Amino acid sequence: MKNRPINKVAVIGSGIMGSGIACHFANIGVEVLLLDIIPRDLTDQEKSKNLTLDDAIVRNRIVNNSLQAALKSKPSPIYHKKFSSRITTGNLEDDLAKIKDVDWIMEVVVERLDIKQQVFEKIEKFRKPGTIITSNTSGIPIQYMNKGRSEDFQQHFAVTHFFNPPRYLKLFEVVPGPNCKSEITDFLMMYGEKFLGKTSVLAKDTPAFIGNRIGIFGIQSLFHQVKELGLTVEEVDKLTGPVIGRPKSATFRTVDVVGLDTLVHVANGLYENCPNDEAHELFKLPDFINTMMKNKWLGSKTKQGFYKKIKNKEGKSEILTLDLDSMEYRPKKSAKFATLELTKTIDKPIDRFKILISGKDKAAEFYRKNFAAMFAYVQHRIPEISDELYKIDDAMKAGFGWENGPFEIWDAIGVEKGIELMEQEGKAPVKWLTEMLNQGNTSFYSVKNGATYYYDLASKQQTKKPGQDAFIILDNIRQSNEVWKNSGAVIEDLGDGIINLEFQSKMNTIGGDVLQALNKAIDIAEKDFQGLVVGNQGANFSVGANIGMIFMMAVEQEYDELNMAIKMFQDTIMRMRYSSIPTISAPHGMSFGGACELSLHADKVVAAAESYIGLVEFGVGVIPGGAGSKEMTLRASDLFHKNDVELNILQEHFLTIAMAKVSTSAYEAFDTNILQKGKDVVVVNKDRQIAEAKKHALLLAEAGYTKPIKRNDVKVLGKQALGMFYVGTDSMLAGKYISEHDKKIANKLAYVMAGGDLSESSLVSEQYLLDLEREAFLSLCTERKTLERIQHMLKTGKPLRN
């Protein structure tokens, strides 16, 4: 594939999707021109300022307001607020000629064919030949959109369908136009995966493509089943959420967030455009949905949908639920099922499915019916919407946040068992599936030599899934490449002299078993390998230290044991820095407390862009005790020479801990000096992260890695800093911004980061600061208020302010 650099893109249409796409291109360093229509009327505010429709500020009002609304939205569409400077706004009348300078033009206007055709006609007047042009349509056939356009336009035209929100949802459907050059299709697939961090899925030009075709079927199927089985809204959301590897918002809450009108629009489109679909009648809306549409109960955008948030008589917020029989709101009810109780000890959703379908209660009946309907539907979609079954799984995982796709779930249950469920519902297996089983292929997927293979209909055999060479999939190598394991972690050989330590504890918490594994990994690497990566492919890197263990020791007043445990934590974390082999940390998702401390001490951090990193110990009433307080003091000290006001630098690092700051992306972590410019790197596609971390470990090893010398030159400011911190905490308490206990924690941290009450600035060793840190941590563990905070966190997962 020849080089086709993308330095600048134009996004036409600044609505929620257009602005979101513009922000994500800005996230990866691309210059963006965002254009929209000019307004037809002045606002009252514009009239009061004597502005006219000819003023530039008025002409760009729609695009500027849309972009600002996107930038203020939560969760943020942008990795870092300064990245928004990469976006230039304009309008379609004054600025369309600027598209001659871009490398890629994306149309993201309203889903109306006539409007899209008008936009493409205007674009063609200024578009430079050879420039890629794509549409974000969710289902308008390409042959209609590019009708009447030039040959060059059609050769470079495709659909690139992002899912909302573009930053967070990984699905990137590429649908080439009938005359699109294969090299353009290949480029878009590559760019989506490598640069945008997406799962690129090549789709056919069929209604709703792959993701929405299957996803909307699943929701519609559920809408019809809910009444049949007599299930409540809460029960369905309990059954279709994290227990089966789906988002917490499950089904009805997701519809509320997305908007019922959006779902209805796609469902109606499928009903109209798929007359030959064997499940055609399922896309017809049930009565309760029509009632909700009539009442404008569309979800979050209208303040009520399947759920409604109100203020009760006590003035507290309360969530009400829609009763689908009476169509009235009632107090929320808890949902419990015996079948779900049986899966509580099973960590991975993929291992729960066999149990979920084998129960005798309403939940098991729901799963049997639900999976039977889904299996029957997806088998018919091949080859209609995709020639390869893995694309359906990829689309559902990346676009809808499913942990496992339909064919993966079917494999987990057993292909023959899945057929049995279908037949119980009066649905027969299709010809290709029967042929597959008759040939002795008993599963849709298999793993060979660390790679995933899938059953290919054309060759009628297991074929290697393309695009894996840039990835290391730990699930595929865990058993074959295991070097050592215990109850909390496993060490795997990544090849080329690099090993990986993968946490496997609950929530990937760091307890005694994980620390033992980290020490063992360093021992093994120093003896037989060239480098160590600490990374996993769970939902989160790690939520930090096992605070339950700390709580038990503190409650039992086993302070000697607690002191030893904290010392072991500190010593192990310090080995990350002072070992004879390079160490790489690969954080992603939540990387809190002890996990952040581990990353702080790696030779290099290869962070996923979606990393939420921070020292959050203040929330449970302690300071970072695993070398984090020491390290932030050291990092402040290393910056003193760059700024005359040393106290200000120290205060910034103090506040990072005291305010329990957590970055909302890896890029924000550079602002707090938790990640360091010139040393640490960010990977946009999390699937590439372990492979990238391995590359960096090899680079360090091959460059001639030498064990660092322990630091004895950390500058601390003593009483000068301590006085400043104490005055600050006094004033915060006086202003009622913090509690007495908050002040106590802050003062303990201040003592550590000032280096104690030294009479003047001094150079101290890391061990000196570690001892101060451990002493402060232990003293806080004796406080009743601290134990209350830890207990509250263990019960609720949320910090307590007392």
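Residue I87 is placed in strand β3, which covers residues 87-91; helices (H or I, at least four residues) and strands (E, at least two) are DSSP runs numbered from the N terminus. The structure is a predicted model, in which local features need pLDDT of at least 70 and side-chain atom pairs count only at pLDDT 80 or more, while totals for chains, interfaces and linings use all residues. Residues are numbered from 1 along each chain as its sequence is written, and side-chain values use heavy atoms, with hydrogens and water left out.

I87 is buried, with a relative accessible area of 10%. Here buried means under 20% relative accessible area, exposed means over 50%, and partly exposed lies in between (1.4 Å probe, protein chains only). When residues up to four places away in sequence are not counted, I87 touches A22, C23, A26, V32, L34 and L67; contact means heavy atoms within 4.5 Å. L67 is 20 residues from I87 along the chain, and the C-alpha atoms of I87 and L67 are separated by 9.2 Å.

Residue A158 belongs to strand β6, residues 157-162. A158 is buried, and its relative accessible area is 0%. Leaving aside residues up to four places away in sequence, the residues touched by A158 are I133, T134, S135, V175, P176, G177, C180 and L188. A158 and D205 are 47 residues apart in sequence, and their C-alpha atoms are 9.9 Å apart in space.

In an open sheet of 3 strands, the order is β12-β13-β14 and the pairing is antiparallel; two strands pair if DSSP finds at least two bridges between them. Because β12 (445-448) and β14 (461-464) stand at the edges with a single partner strand each, one side of each is left without a neighbour in the sheet. From one strand to the next, the twist averages 40°. Strand β13 (residues 451-456) pairs with β14 over 4 bridges in the antiparallel sense, and Y454 has T463 of β14 as its bridge partner.

Another open sheet has 7 strands in the order β15-β16-β17-β18-β19-β21-β23, with mixed pairing. β15 (482-485) and β23 (681-683) are at the edges, each with a single partner strand, so one side of each has no neighbour in the sheet. The twist in this sheet averages 20° from one strand to the next. Strands β19 (residues 583-586) and β21 (residues 604-608) run parallel and are joined by 2 bridges; the bridge partner of I584 in β21 is K604. Helix α28 (residues 689-702) lies across β16 (489-495), β17 (498-503), β18 (531-535), β19, β21 and β23, and runs at about 165° to β21. Axes are lines fitted to C-alpha atoms, for helices over the stretch in contact, and angles run from 0 to 180 degrees between N-to-C directions.

Helix α26 (residues 628-639) packs against helix α31 (residues 766-781) at an angle of about 135°, with the axes 8 Å apart. This angle makes α26 oblique to α31, where angles under 35 degrees count as roughly parallel, over 145 as roughly antiparallel, 65 to 115 as roughly perpendicular and the rest as oblique. The contact is formed by G628, S629, K630, E631, T633 and L634 of α26 together with E766, L769, L770 and E773 of α31.

Residue H653 sits in helix α27, residues 646-658. H653 is buried, with a relative accessible area of 4%. Not counting residues up to four places away in sequence, H653 touches M632, R635, A636, L639, N673 and M753.
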